[in-house]
Amino acid sequence: MRKWIYGALATAGSLGLILTILLVTGVFRAGENDECSMLAVRPGSGPLISGTNTTVAGAQSVARYVVPMPDVPAARLANLTQTEVFQRNVALVFDRGKVTITMRPAAYRDSLKLFRKFVSQSTATEVIGDVHGQPALVISPRTDGCGSNPALVEFKHDGIDIRIYSSSYGTDTLLTVADSFRKPTASGNGR
């Protein structure tokens with residue numbers, strides 16, 4: 001019984017975090033009217049509301065997990081311009097906000113089920129794709145009611161929920177960024 005309660009609380013927390021991100025980016029419908037998206041990172045601010053600027057090593061120390069890094073021209077260590085951490089949440093900003101990656105331990109087990117639920121409730125154009133053979137939520141840019149949402153790719157990687165978003169690039173580039181993460185280990189698969 002206790003495991004079921006913990007599982008339900010973890011799932012509710014994950015759904016709440018994803019819903020917050022989708023509401024902020026305007027992808028999810030809030031009421032009768034379509035909501036317009038806001039840029040993922042406003043100039044002069046960071047992607048985590050209460051985040052603290054740090055280094056990748058500092059973020060790993062606070063978050064207590066190895067922060068995976070992409071390695072493609074749009075997002076690599078050489079063009080990392082900001083790193084933030086808040087509790088176990090980490091944000092990496094590349095090329096002054098052209099690509100932003102947020103991550104945290106995944107509190108859900110079934111990525112496909114979770115992504116299907118959001119696809120059924122979204123106002124934007126999205127599909128369930130894959131990254132390293134695992135389900136990924138792929139949201140096309142400028143497809144919400146106002147044509148203002150960023151491109152977004154979300155997937156589970158070695159037990160970490162990773163969201164990559166951009167107002168500068170489309171989903172093809174973001175999927176390339178996602179694919180550049182090392183392949184997940186057998187024990188940390190994405191489902």
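Two strands pair if DSSP finds at least two bridges between them.

Before I go on, a word on the model. It is a predicted model, where local features need pLDDT of at least 70, side-chain atom pairs count only at pLDDT 80 or more, and totals for chains, interfaces and linings use all residues. Residues are numbered from 1 along each chain as its sequence is written, and side-chain values use heavy atoms, with hydrogens and water left out.

Back to strand 3. Strand 2 and strand 3 pair in the antiparallel sense over six bridges. They form a hairpin with two residues between them, and Q87 in that turn has a positive phi of about 50°. On the next side of the story, strand 3 also pairs with strand 4, again in the antiparallel sense, over five bridges. There, L92 stands opposite I101 in strand 4.

A nonpolar core is a set of buried Ala, Val, Leu, Ile, Met, Phe, Trp, Tyr and Cys residues joined through side-chain atoms within 4.5 Å. The largest one has 29 residues, and V90, L92, I101, M103, F155 and I164 touch the most other members. At least two residues each come from helix 2, strand 2, strand 3, strand 4, strand 6, strand 7, strand 8 and helix 4. A second, separate core has ten residues, including Y108, F118, A124 and L152.

If you click on I101, you can look for its contacts, meaning heavy atoms within 4.5 Å. Leaving aside residues up to four places away in sequence, I101 touches P70, V90, A91, L92, F94, I162, R163, I164, V177 and F181.

Now the helices. In helix 2, residues 56-63, the buried ones are V56, G58, A59 and A63. They sit on the same side of helix 2, because they cover an arc of only 160° around the axis; the arc is that of the directions from the helix axis to the C-beta atoms. On the other side of helix 2, A57 and S61 are exposed. Strand 2 and strand 3 are among what covers the buried residues. Just after helix 2, R64 takes a positive phi of about 65°.

Helix 4, residues 171-179, buries T171, L174, V177 and A178. Those residues cover an arc of only 115° around the axis, so they are on the same side of helix 4. Their cover includes strand 4, strand 5, strand 6, strand 7 and strand 8.

On to charges. The whole structure has five salt bridges, each being a side-chain nitrogen of Lys or Arg within 4 Å of a carboxyl oxygen of Asp or Glu. Which residues does a network of salt bridges link? E154, D161 and R163. R163 and D161 are both buried, and their closest N and O atoms are 2.5 Å apart. E154 lies in strand 7 and counts as buried because its relative accessibility is 2%.

D71 pairs with R76, with the closest N and O atoms 3.1 Å apart, and R76 counts as partly exposed at 30% relative accessibility. K98 forms one with D95 at 3.6 Å between the closest N and O atoms. K98 is partly exposed at 34%, and D95 is partly exposed at 25%.

Most residues other than glycine have a negative phi. In the hairpin of strand 3 and strand 4, with four residues between the strands, D95 takes a positive phi near 50°. H132 has a positive phi of about 55°, and H132 is found in the loop between strand 5 and strand 6. Thanks, everyone!

Notes. Buried means under 20% relative accessible area, exposed over 50%, partly exposed in between (1.4 Å probe, protein chains only).
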